[in-house]
Each structure stands twice: as structure tokens, then as C-alpha cells.
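Subject: Structure for you to look at

Hello,

Please find the structure below. My notes on what was found follow it.

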Amino acid sequence: MKIAICLRRVPDTTTKIVVGAGGTAIDETGVKFVPNPYDEYALEAAIALKDAAGAGETVVVALGGDAVQETLRTALAMGVDRAVHLQGTPSADGLANARVLADHLKDGGYDLVLFGKLAVDDYGQQVGAMVAELLGVPCATAITSLAVEGGRAKVTREVEGGVEAAECALPAVLTCDKGLNTPRLPSLKGIMAAKKKPLDIVPVTVPAGQVTVVSLALPPERAAGKILGEGAAAVPALVAALTSDAKVL
Amino acid sequence: MANVLAVLEQRNGALRKGAAELLAAARQLADQLGGSVDALVCGSGAVAGTESLGAHGADRVLTATDAAFAQYAPEAIVATVKGLGAYGAVLIAATATGKDLAPRLAAAMGAACGMDVTAVSAAGGAIRVVRPVYAGKAIQTLDLAGTPVVAVRPGAYAAVQAGKAGAVEAVTVPAFSARLMVTGITAPERASLDVAEARVVVAGGRGLGEPQHFALLEQLAAAFGGEAAVGASRAVVDAGWIGHGAQVGQTGKTVAPELYIAVGVSGAIQHLAGMRTAKVIVAINRDKDAPIFKVADYGIVGDLFEIVPALTEAVAKAKQ
Ligand SMILES: Cc1cc2nc3c(=O)[nH]c(=O)nc-3n(C[C@H](O)[C@H](O)[C@H](O)COP(=O)(O)OP(=O)(O)OC[C@H]3O[C@@H](n4cnc5c(N)ncnc54)[C@H](O)[C@@H]3O)c2cc1C
Ligand SMILES: Nc1ncnc2c1ncn2[C@@H]1O[C@H](COP(=O)(O)O)[C@@H](O)[C@H]1O
């Protein structure tokens, strides 16, 4: 079982967002970066599948600047066998990034290529399915369960009002959602071992893409609200407001 | 002049709700582009709701019929759309299924994908989209060149009455290779949601009085039908009433749900730091001067033990 995991380096989800000087990206000063939380489900799934198969290889791949090497080391510390740093500047266009990843993955002989369901910075929710399409292999997105048996993957995913079950042959691309598993924390031994694991650097050119970031802004400030009344007697007014004015019910 | 294609979602032979909203977005964009709106319906037979699409803004309704469409069949939809020819933009509702379909289609067309957008418009030669990023903590505006695939967030557009022709035309489903086999949909499982991801957060503070009173909030969350999570102030997390994962605020999680209901939370500045970008904030507190009311869209002053059960019942009823 040979498995690749595509990993993105993102700001910690507790980060307070400050818009940078250009008005199109965040100010990274003092921001802590972590592996994309959804990619941790992919890492965990890959490590567990290889362990269960008793043979194979897990490879973590990240496209980005040199700082992604730190993120790759975290994946190695979790137990991934080796890492590939695709050295280049990611595009705002998910398809441009997907092309670079697909190009690298296509001859790798992978049974599975795993992604996070989304990156918590750009909320793109697209790179995994795009890579699958470019590779011409089956794809299931946002999976919450996975069983691999007899060269096939059986998955479930949450859809509105239910859980959808699907299956496909390997090789396949899967994108992972919360609920798939509980990602392990790197152990001290893992962190030591990670320092010696191979991390290959492959310079790449990311194509121009078709997306221009016009602006990044903070959401509008809140206007003062209103007190609807006192006690349980005010509940109907609240439910009416939530239903017809705010439209959140 | 460029036309807009709206790819509509159906399940079990009926259009999913949201078709009219998506057509409203498509109509607006097509009018800006000086083009018309085609609505594509892929079904294994006749699809209920198709007849109303003209009234909601479709100039033409394209129906593609294939046995594969008895379940979600992404490769078949991609092949069908590719067979239709050129559009200025392709719109899809950003539902679980739409979010799966949009990037597949974009990659197959060599197009950019604007995901989960709250507004879409024509901007010069490009399609401009506005979308929340960083869990709603920031708003991004993008210009997409070419023929982008745009997934429109449910609820972002209100349905319109447009009285268009809505003439139905059958289109063929080109040959496709089914790679993913969807085998069925079963009733939802109840997994506990993360406060940072839930559409609705019901947060409790010291006003709950005792840890076991969080049950009241769990009941309220459950009334929202699996899309709500229970959050908390630091005071109660530090007191050990609930796990740290639930803490909202400066030293907890930053959340931006559509609805945040603060129950017995005073609204300290450190708490507000974590939730002030929620779309709608509701506060329930017995102190009418509590700072939480300054950021709340709607407030009820009074005893939470009386208000919360009444609210739970009313929400459950409204959700039916
Ligand atoms: C460095 C620092 C970081 C911090 N980080 C955070 C953080 O991340 N998140 C956070 O939340 N706090 C944080 N705090 C703590 C913060 O300052 C407040 O102390 C805390 O938020 C208060 O929690 P509370 O609202 O539950 O309690 P209280 O302030 O005690 O408020 C309880 C409220 O419940 C109401 N109430 C009582 N009984 C009832 C009833 N029966 N019905 C209705 N209402 C009732 C009261 O009127 C009151 O408004 C931080 C503080 C510091 C110094
Ligand atoms: N620069 C990158 N390098 C490697 N993988 C990436 C990169 N960007 C995105 N991905 C993968 O694609 C997933 C979805 O990202 P996105 O489409 O941007 O939300 C992530 O969870 C990662 O698995």
C-alpha cells in the first residue's frame, strides 16, 4: 500500500486575522503556522492503513516556500515515512496548485492520494477533487469513514439530511473530514526519528492560474441590537426574528 | 454576450431546495453579462420541480436523462456539462454535493473554481466573487478569468419571480466512465460538532450555575438538528464544567457561525474577541446591563432556566 498525503501549512485556527499592507493577504507577523487540521486526518488515515497492510510507504507532499519543511517534519514525526517539498509559490488558483501536485503524483505508483477536505486559510475546498480529475482517477470528498479491501475503497460522507455511502477502485483520491479518525500526536521518539527521515526538495513552477485576489477585508462591524423583551414571553418574538429577519432558522 | 449555466441538484427524482435561489444568482449574473440562463437538470427520469424553473429565471431548462442519475453520479454530470458548449460561468449550489461537483467540473473544464461564494457578479472581463475565508474571520474578493465554476452558498440569494420561458429541451449524456459508485444515502448520524465549524453555536457561561445544567444547552443545540455545537466561556472551562475544546474567546476558539446564542455569558472583552463575527448573535442574560447585549442582534432579559427550555421547544417546532 503506497499512500501520498498532500499537506498545507496554514495559520493556527485561533489566529486573530490582521489584513496585511497590500490589502489582499493576512499580515503574517507573529502568526503561528500549523499543519492544516483536515490534513491531519489524512495523515492519520495513511499511517493507519499502511500499518494495517503491514507493508508499503507513506509520502507527504507540500507545495510552498521553505517554511513548509517544518510542517513536513511534523508529519514525519507523526510517523509518515518520507517527505517531498515542492518548492514554489502556491497560486490563489486551486487548479494551478492541483496541476503541480498532479504532475508530481502521476508517476508515483500510489494506491491512494489523501487530502484534507479544505484548507482553513483559503477555504478552497477544491484541490483534492481537482487532482483526481487531472489524474483521471476516482475521487470521494469529505469522507468520514473509510475501509480499504480487495483493491477498493468504501467510504461515507455527510450530505444534507443523511450519510452517503460510496465506493471506488484504487488508485483513488480521497479528501478527509473531521470524524474520520483521531490524529495521533507526534511522540518524542517520532520527533527524533523525523530528523533522519528523507525530505526531498523538488523545485517547481506553479502556472499563472486564472484567479486574481482583489481584496481581503475584515467582516463589517456589528450594529447595536435590540432587546426583544423579558423572560420566556419574549421567545416567540426571538424565533420570529431569527426566521424572517435574520433567516438563520 | 455570455450565457450562464445553473447546474441544479436533485435527489430521488425531486429538485433539492435551493434551485430557485441558485437561479436568482444566475439570472442576476446573466443580466449583467447580457446573456441568458440555462438550467441543467440531470435525472434518471422526470424530475419534480422542473416545471417551475422558468418562473424562477431560467430561459431554457435542459434535461439530461440517464439511469446513472438515480444516485449522485459526478462523472456523468461532468460529461454532460462539457457536452453543452460554452458559457460565461457555471453556477452550482454549494451544498455537500455541490462542493464535491464544482472542483471536478472546474478541473475538467480547465476553469477556476470560486467556492462557497456569497456574491457573484460581472467585473470587466472577469467574474467577481465574494467569499468568507479563515472560518469567516475575513472576506475575500476574487476575480476569476475564463469560464469559472462558481459554487454559491445556500441562503446567499433570495429566489425571484422572473417569468422566463423555461422551455424544456432534452440534452444527451455523452459517454462517461463511472469511477465513483454512490450506493445510497442513510439517515444522519449524530456526531458532536466542533464549535469552530458548526452553523449554530449555543454557548454557556457561569450563569448556568452548575455543570449539569449544560444539558439545557445540549437540548437546545439538538433542536437545531445536528448543525449546532455547545460552546462555553472561560470561566466555566476553568471551573471544569466542560472541556477546553468548547472555549470561545481570546484564549479559546474564534468562531463565526451563522447564529451564536450566548446563555448566561456576561460578554467580557476576551469572550467577544472569539465570537463577534458571528452573523447573528442572541444573548440571554438576567442582567440588562451585561456587556453581551452591546454586541447582540437580539436579546432577552431574564432567567435562562425559564427562557432556554421555551426556546428549545420553539426552535424544535420551527425546524419541523
Ligand atoms: C488574559 C485573559 C484571557 C481570557 N480569555 C478568555 C476567553 O478566551 N474566553 C472567555 O470566555 N473568557 C476569557 N477570559 C475571562 C473573561 O475575562 C471573563 O472572566 C469570562 O469570560 C467570564 O465568564 P462568564 O461570562 O461565564 O461569567 P460571568 O462574567 O460571571 O457572567 C455570568 C453571567 O451570567 C448571568 N446570569 C447569572 N445567572 C443567570 C440566570 N439564571 N439567567 C440568566 N443569566 C444569568 C449574569 O448576569 C452574568 O452576566 C480571559 C481573561 C483574561 C484575563
Ligand atoms: N500548497 C499545498 N501543498 C500541498 N497540499 C495542498 C496545498 N494546498 C492545498 N493542499 C491540499 O488540498 C486540500 C484542500 O485545499 P483547498 O482546496 O485549498 O481548501 C488541503 O487540505 C491539502 O490536502
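How many residue pairs are in polar contact between chain A and chain B? The count is 28, with both residues of a pair at pLDDT 80 or more. A polar contact is a pair of N or O atoms within 3.5 Å; within protein, one must be able to donate a hydrogen and the other to accept it, and residues adjacent in sequence count only if both atoms are side-chain atoms.

Before the rest, two notes on conventions. This is a predicted model, in which local features need pLDDT of at least 70 and side-chain atom pairs count only at pLDDT 80 or more, while totals for chains, interfaces and linings use all residues. Residues are numbered from 1 along each chain as its sequence is written, chains are lettered from A and ligands numbered from 1 in the order in which they are written, and side-chain values use heavy atoms, leaving out hydrogens and water.

The interface

Chain A gives 71 residues to the contact and chain B gives 82 (contact means heavy atoms within 4.5 Å). The size of an interface is often given as the accessible area lost when the parts come together. Here the two chains bury about 6,400 Å², 56% of it on carbon and sulfur atoms (buried area is the accessible area, with a 1.4 Å probe, that two parts lose on being put together, summed over both).

The interface has 2 salt bridges (a side-chain nitrogen of Lys or Arg within 4 Å of a carboxyl oxygen of Asp or Glu). One of them joins A:E133 to B:R179, with the closest N and O atoms 3.6 Å apart.

A:E167 has B:M181 as its bridge partner in β13(B). Strands (E, at least two residues) are DSSP runs, numbered from the N terminus, and two of them pair if DSSP finds at least two bridges between them.

Inside chain B

Chain B has an open sheet of 7 strands in the order β7-β11-β6-β1-β4-β5-β12, with parallel pairing. Its edge strands, β7 (113-117) and β12 (167-171), each pair on one side only. Within the sheet, 4 bridges join β1 (residues 4-8) to β6 (residues 89-93), and B:A6 stands opposite B:L91.

Over all chains there are 26 salt bridges. One, at 3.9 Å from N to O, is between B:K164 and B:D59. B:K164 lies in the loop between β11 and β12 and B:D59 in the loop between β4 and β5, so the pair ties together parts 105 residues apart in sequence.

Regards
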